[in-house]
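Here is a short briefing on a single protein chain. Keep the sequence and the structure open while reading.

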Amino acid sequence: MPERRIVRVGLVQMSCTNDPEKNMKKAAEGIRAAAKRGANIVCLQELFRSLYFCIKEEYSAFGLAEAIPGPSTQAMQALARELGVVIIVPLFEKRAEGVFHNAAAVIDADGSYLGKYRKMHIPDDPSFYEKFYFTPGDLGFKSWKTKFGTIGVLICWDQWYPEAARLTALSGAEILFYPTAIGWAEDEEAKTREQQFQAWQTIQRSHAVANGIPVVAVNRVGAEGNLKFWGASFVANTFGEILYQATHEKEEVEVVELDLNRSNTTRTHWPFLRDRRIDAYSGLTSRIIDDSH
């Protein structure tokens with residue numbers, strides 16, 4: 001058996017208010033709690049500094065955006081340096097006047113800023129009006145070498161796209177992190193809610209299986225507007241097995257142990273990357289394969 005390579009991932013599932021400073025303080029407390037329990041890498045949820053403003057189209061919400069690096073990044077850099085942990089910091093990025101992104105900064109355990117990911121897939125659905133706010137990402141799918149391993153970050157709606165998970169894994173990611181803000185509409189029936197949740201978890205577990213790497217999803221919780229964010233942050237191993245799942249109702253901080261060397265064993269026995277027909281996938285660059293010209 002290969003030597004174990006243990007990494008402990010921290011998940012901070014929290015509710016948010018309309019006060020960014022209170023949300024920052026709560027997030028920092030969650031990171032501290034995870035670090036105290038031995039976390040090496042801590043992931044926050046999507047747009048954690050504010051309420052999920054995309055429920056409505058309101059110009060005032062653009063005032064929440066900031067540069068990356070910027071004030072929040074710098075505060076988290078100081079915290080990472082103090083605690084010796086890697087932190088994934090999802091933020092509303094102001095790139096330039098009138099150009100905004102849904103992004104995540106990656107900070108290493110020594111407090112150094114490693115870079116950012118800009119959300120590539122932008123939804124536009126009732127109560128998820130993200131196209132009003134966010135320009136699609138232009139940095140591609142990437143990973144970062146941190147003190148505790150090479151990590152990839154994708155954001156929420158990216159979860160539904162196997163292409164995004166695959167390309168991030170191919171870039172060298174040993175763990176896929178998904179900061180998320182997803183919930184149920186208040187008038188949806190119980191059966192529909194369960195179907196939606198199961199689909200959300202299943203697609204991400206499949207990314208773990210298909211790529212032979214663990215997946216960590218960190219969702220928000222609580223009621224905002226007409227949405228009830230369903231929490232249920234979770235960690236899946238290389239076989240898609242659920243190692244931890246938070247509740248649908250409560251704020252939680254959890255630390256989960258992963259053995260990164262399991263990926264080698266999984267990929268050796270299930271060699272999906274070996275058997276990919278990269279010569280036959282050109283159709284993936286088409287919107288749909290039909291007779292249109």
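This is a predicted model: local features need pLDDT of at least 70, side-chain atom pairs count only at pLDDT 80 or more; totals for chains, interfaces and linings use all residues.

Residues are numbered from 1 along each chain as its sequence is written, and side-chain values use heavy atoms, with hydrogens and water left out. Helices (H or I, at least four residues) and strands (E, at least two) are DSSP runs, numbered from the N terminus. Two strands pair if DSSP finds at least two bridges between them.

**The six-stranded sheet**

- An open sheet of 6 strands runs in the order E5-E4-E3-E2-E1-E17, with mixed pairing.
- Strand E5 (113-118) and strand E17 (252-259) are at the edges, each with a single partner strand, so one side of each has no neighbour in the sheet.
- On average, neighbouring strands of this sheet are turned by 30 degrees against each other, direction ignored. Axes are lines fitted to C-alpha atoms, for helices over the stretch in contact, and angles run from 0 to 180 degrees between N-to-C directions.
- Strand E1 (residues 6-13) and E17 run antiparallel and are joined by 8 bridges. Within E17, Asp-259 stands opposite Ile-6.
- Helix H1 (residues 20-36) packs on the sheet and touches E1, strand E2 (41-43), strand E3 (86-96) and E17. The direction of H1 makes about 40 degrees with that of E17. Contact means heavy atoms within 4.5 Å.

**Other strand pairings**

- Strand E8 (residues 143-146) and strand E9 (residues 149-153) run antiparallel, with 4 bridges between them. A hairpin of 2 residues joins E8 to E9, and Thr-146 stands opposite Gly-149 in E9.
- A further open sheet has 3 strands in the order E11-E14-E13, with antiparallel pairing. Its edge strands, E11 (183-185) and E13 (221-224), each pair on one side only.
- E11 is joined to strand E14 (residues 227-230) by 3 bridges. Ala-185 stands opposite Leu-227 in E14.

**Nonpolar cores**

- A nonpolar core is a set of buried Ala, Val, Leu, Ile, Met, Phe, Trp, Tyr and Cys residues joined through side-chain atoms within 4.5 Å. Buried means under 20% relative accessible area, exposed over 50%, partly exposed in between (1.4 Å probe, protein chains only).
- The largest core has 45 residues, and those with the most contacts inside it are Val-9, Ile-41, Ile-175 and Phe-177.
- Leaving aside neighbours within four places in sequence, Ile-175 is in contact with residues including Val-7, Val-9, Ile-41, Ile-151 and Leu-258.
- A second, separate core of 24 residues includes Cys-16, Ile-87, Val-89 and Ala-103.

**Helix H3**

- In helix H3 (residues 162-170), the buried residues are Ala-164, Ala-165, Thr-168 and Ala-169. They lie on the same side of H3, because they cover an arc of only 130 degrees around the axis. The arc is that of the directions from the helix axis to the C-beta atoms.
- These buried residues of H3 pack against E9, strand E10 (175-180), helix H4 (190-211) and helix H5 (262-269).

**Two single residues**

- Gln-45 is in the loop between E2 and helix H2 (71-83). Gln-45 counts as buried because its relative accessibility is 0%. A polar atom of its side chain lies 2.9 Å from the backbone oxygen of Met-14.
- Ala-190 belongs to helix H4 and counts as exposed, at 63% relative accessibility.

Note on methods: A polar contact is a pair of N or O atoms within 3.5 Å; within protein, one must be able to donate a hydrogen and the other to accept it, and residues adjacent in sequence count only if both atoms are side-chain atoms.
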